[in-house]
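Hello,

Here is the structure I promised to pass on.

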Amino acid sequence: MGEVQGQGYIAQALGIADVLAVAYFHALTYRPEDPHWEGRDRFLLSIGHYAIALYAALIEAGIIPESELETYGVDDSRLPMSGMASYTPGMEISGGSLGQGLGIAVGMGLGLKRKKSGAFVYNLMSDGELGEGATWEAAMSAAHWKLDNLICLVDFNNQQADGPSTQMLCSEPLQPKWEAFGWHAQRVDGNDIKALVAAFDTARTLAEPRPRVIICDTRMAMGVPFLQARERNHFLRVEADEWQQALAVLSEGRHA
Amino acid sequence: MSAVKPRLTTSAMIASIAAEGQKTQAAPFGHALSALAETRPDIVGMTADLGKYTDLHIFARAHPDRFYQMGMAEQLLFGAAAGMAREGFTPFATTYAVFAARRAYDFICLGISEEKLNVKVVCALPGLTTGYGPSHQATEDIAIFRGMPGIVVVDPCDALDISQAVPAIAAHDGPVYMRLLRGNVPLVLDEYDYRFELGKAALLRDGPDALIIASGLMTMRALETAEALRKDRIDVAVMHVPTIKPLDEAAINAAAARTGRPVIVAENHSRIGGLGEAVAGSLLRAGLAPRFRQIALPDAFLDAGALPTLHDRYGISTEAMVQTIRGWL
């Protein structure tokens, strides 16, 4: 996908890939042939620019055909660079106006409870979105309504447009903050599959009437050392030969 | 000893805009929504700490399990309303017009309108209907919502209009912004052969000397103005435009095409971006150029004070309108 554009939110995508892998191939209930099946778990991508990563998961999950991969960000594609619900099967909301996802998740959580549905709402957001006030309105509300069907995933890669998130508007200490807001909070290495599986299982099976958050410390450009090493990798330009190197490194890792 | 004129004070936010002795109905929105909800199990009511001041408390009392108090958090209110709509419900989400238009704009625009979600944004204190000053006076709300793609904008005149607009906007599949008059709301349109139809303007009375095009409470003022001018043998037509977007351009253009009759748009809104400029655009696109005047609020932050004082000061009271229009004709 990114190769077509030569640039993009590639470091975030590589960083969050493990979280999405555990979400889509361990935790979520869905029917690939019927992405709007009523009984599905809802997965909201609040961070619209992470669409490149979610498209990969939706392709692996069989919701989008692999043949559309090359159309990422191309005119009239179903895979725009910022995720939009009206464009893409399996994309639940139009994210990208950062800070909106969690509030929408609260409404969906309330709606699912009205319908007596057992489905979960997952909201994937970034550490940068912790700076948005609406996030905390929604955090308070989710606890107020005891939304035990709401699981928030925070991608903490400590990198936003202008630099490290902790230097832009520090959200630490993050886990106690969520706990103080009434949430069950876990903080894990977001690139450790085993830790993620355990955290998702805890969040899904917990008996407490509280919303759950998993703060995932991830590494930008995980798995491709020469991209990881770039100091500012919020929006990466990647040359043609670098794509080949990156793919080689990643597939080595895959077969190892 | 000279008689001391009683000093008017800033009226409370819950004060009615009804004139003394005027026929009114209490909380028409709350009662209409409660009644509609009997046959529409998908309807839920949501508010951001303004249930009582948007008449949603009537609905909350009638359907407590369908009422969501979201607290003083407007961005959350409209985000959560979007989520509810995604799950198949039809939320009526209420707050004051200033907070929806100014604070929660992005959440209504991207969260609701861009996705064509079935949320009804119902807002009290539109235009100049409170004396609390600029923090509460939504003098530019229509300009703001007219600019938002995909949303329907409704500005009802009275209790009858509100009662009929509620089922109509609920039947419309998509986002709606409705300006709300709350409390004891005047009842005016029952004396005219009128029914609210979404997207339709209605000629309430005809007359050769001028055409007043109005929405919201200014339709009531226009009708009173027309009566007052009749005593001077000035016979003006009044067209009520309860749906500002999409605008009933066909009806407006047809009425304005009658030659020799100036067009006066009366609106409880800034002269910028409201019904006046919407009508002007419609007329010009149709090649019509009648004499055109606006009775509207100035492009300014308005004073605090008692509503009757302010309506006189800014020219939207009946007396002020009669004076202004007499001067134009």
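Residues 7-245 of chain A have end C-alpha atoms 15 Å apart, and the span is 37% helix and 14% strand (DSSP runs numbered from the N terminus, helices being H or I of at least four residues and strands E of at least two). UniProt, in an unreviewed entry, gives these residues as "domain: Transketolase N-terminal"; such annotations may be inferred rather than shown by experiment.

Please keep in mind that this is a predicted model, where local features need pLDDT of at least 70, side-chain atom pairs count only at pLDDT 80 or more, and totals for chains, interfaces and linings use all residues. Residues are numbered from 1 along each chain as its sequence is written, chains are lettered from A and ligands numbered from 1 in the order in which they are written, and side-chain values use heavy atoms, with hydrogens and water left out.

The unreviewed UniProt entry also carries a "transmembrane region" annotation on residues 6-30, 42-64 and 93-112 of chain A. For residues 42-64 of chain A, the ends (C-alpha) are 16 Å apart, with 43% helix and 17% strand. Residues 93-112 of chain A are 60% helix and 0% strand, with end C-alpha atoms 16 Å apart.

Strand β2 (residues 42-45) of chain A is covered on both faces: Arg42(A) and Leu44(A) are buried on one side, Phe43(A) and Leu45(A) on the other (buried means under 20% relative accessible area, with a 1.4 Å probe and protein chains only). β2(A) runs parallel to strand β3 (residues 121-126) of chain A, joined by 4 bridges (strands pair if DSSP finds at least two bridges between them). Leu45(A) has Leu124(A) in β3(A) as its bridge partner.

Best wishes

Methods
Buried means under 20% relative accessible area, exposed over 50%, partly exposed in between (1.4 Å probe, protein chains only).
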